[in-house]
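Hello,

I am passing on the structure that we talked about, and I would be glad if you could look through it before reading my notes. Please keep it open beside this email while you read.

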Amino acid sequence: MPADDQKRSTDVIERFGQLVDSQIETNPALARRLLLTGFKAERLRTQLLPRRELLPSGQLDNRLTLEGVVGALEHPDRMVLTSMFMPSEIFHAMGLYPVIAEAIGDFFSGAQAEQGFVTAAEQRSVPESYCSYHKVLVGATAAGVIAAPRLIANCSVACDANNLTFKWLARHLDCERRYIDVPYDPSEDAVHYVADELRELASAAQDVFNTKLDQRVLSQHVARSIRALDVMERTLPQRAGRTMHTTMTIEMMRSCSMHMMLGTPQVDHLMDLVQQEIPAKTHPYAGLNLLWSHTMPYFSVPLQRAVDNSPLAQIVASEMCFDQFRPGGWRHDAGEPFEHMAERLVYNSYNGPAQRRVDRLLHLARTTQADGAIVFCHWGCKETMGASQLIKAELEDAGFPTLVLDGDGCARRNMPEGQTATRVQAFLEMLQSGRRS
């Protein structure tokens, strides 16, 4: 997009965000309608005028996450408010709309309306240091911009905010809540324990929505999930040295597709595209290949210039798209849907000690032949901040230079643009110099 057109587009979105902000406390219903109108317009654009520089799978990722958020906002009577790593097949099999804090935060931020919701949360005594994704969710639901859901379902993986936000919302909104406690240490006993919790969740969802869960349909959703995870893993080596035509926005949308939308027919089609397009629609890449850890500040202009469709550097893989993995393969298939979903939680690389994340990142870096890695410490995420130096030390010991970057994947006010630009540029120059030598 030409610079003048991009600036005009940014100015329009900024004014739109200011309009939404002005209505949050005084007229939340209007704020909701404005956001829905904007998201529907963007959804139509992705259908009629998809970004030509993206691969077909990237075009679909954006549309899928939009459809998930729009569906939840349009149908609050069928919405389930849930957390990032929570399996969603139960809800999709019942015709419900699961929506996660990260997707809400991303799209509200994309509308440049996140600050009003952050302020609404802080006015309700949420600390400034709290995760911005969760502050947007708290502010939007507490103000009434997001209608109260009939069910909240969250799990202990991976952040402490999960254990606070959803408990507070359930009490504040007076709605049913189910919590999935995932044991820290992986074992078959832990898998069966979590599977029983998921069965109790399914029973509660049937009662809340007065809808019966068809076990056959659930197994079909889980079968699609297993295939999707298998395709992502099998095509991972094909990324090495190939132009992936990706952006931070699309990588974040892919992480939403692989969690919030996993198991749906749409993601099954997405995997068809992923399998076809890497050998057919990518070409050798001469720039730097970066492994990205944690969330992405996709609105950051310096980072966009550095890694979005750039001939100099690209994100070859992002950690949050590959967290659902068990070394040696899955033990439970679609014939045991609850056990398989439980297995994904218990063995998730974000569950348990930080070493599990380190091992997974090392595998991703080696498989994609990454030149280096960026560990993004998102505002308020104690789990990643605590693990960042261990990740950096072990990746660098293995030969992968690593930059630990502080910022915010959701709220612009916590993203130091000038410092970010300087540090990222210096890191890329160091990687390029190391490659030449």
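Below is what I found, going from the whole chain to single parts.

Please keep in mind that this is a predicted model, in which local features need pLDDT of at least 70 and side-chain atom pairs count only at pLDDT 80 or more, while totals for chains, interfaces and linings use all residues. Residues are numbered from 1 along each chain as its sequence is written, and side-chain values use heavy atoms, with hydrogens and water left out.

The protein has 17 helices and eight strands, where helices (H or I, at least four residues) and strands (E, at least two) are DSSP runs numbered from the N terminus. Its radius of gyration, taken over C-alpha atoms, is 21 Å, close to the 22 Å that the globule rule gives for 437 residues, so the protein is as compact as a globular protein of that length; the rule itself is 2.2 Å times the number of residues to the power 0.38. Along the principal axes, the C-alpha atoms fill a box of roughly 65 × 50 × 40 Å.

Of the 437 residues, 58% count as buried, a word that here stands for under 20% relative accessible area with a 1.4 Å probe, protein chains only. Contacts (heavy atoms within 4.5 Å) with a separation of 6 or more come, for 79% of them, from residues 24 or more positions apart.

The buried residues of H2 include Leu34, Leu35, Leu36 and Phe39.

Helix H14 (residues 337-346) is mostly covered, since ten of its ten residues are buried, among them the charged-type residues Glu339, Glu343 and Arg344. The buried residues of H14 pack against several elements, including strand E3 (151-155), strand E4 (176-180), helix H9 (188-209) and helix H10 (215-235).

Not counting residues up to four places away in sequence, Val80 touches Phe91, Leu96, Tyr97, Pro98, Val99, Leu151, Ala153 and Phe209. The C-alpha atoms of Val80 and Ser293, which are 213 residues apart along the chain, are separated by 27 Å.

With best wishes

Terms used
Buried < 20%, exposed > 50% of the residue type's maximum accessible area, 1.4 Å probe, protein only.
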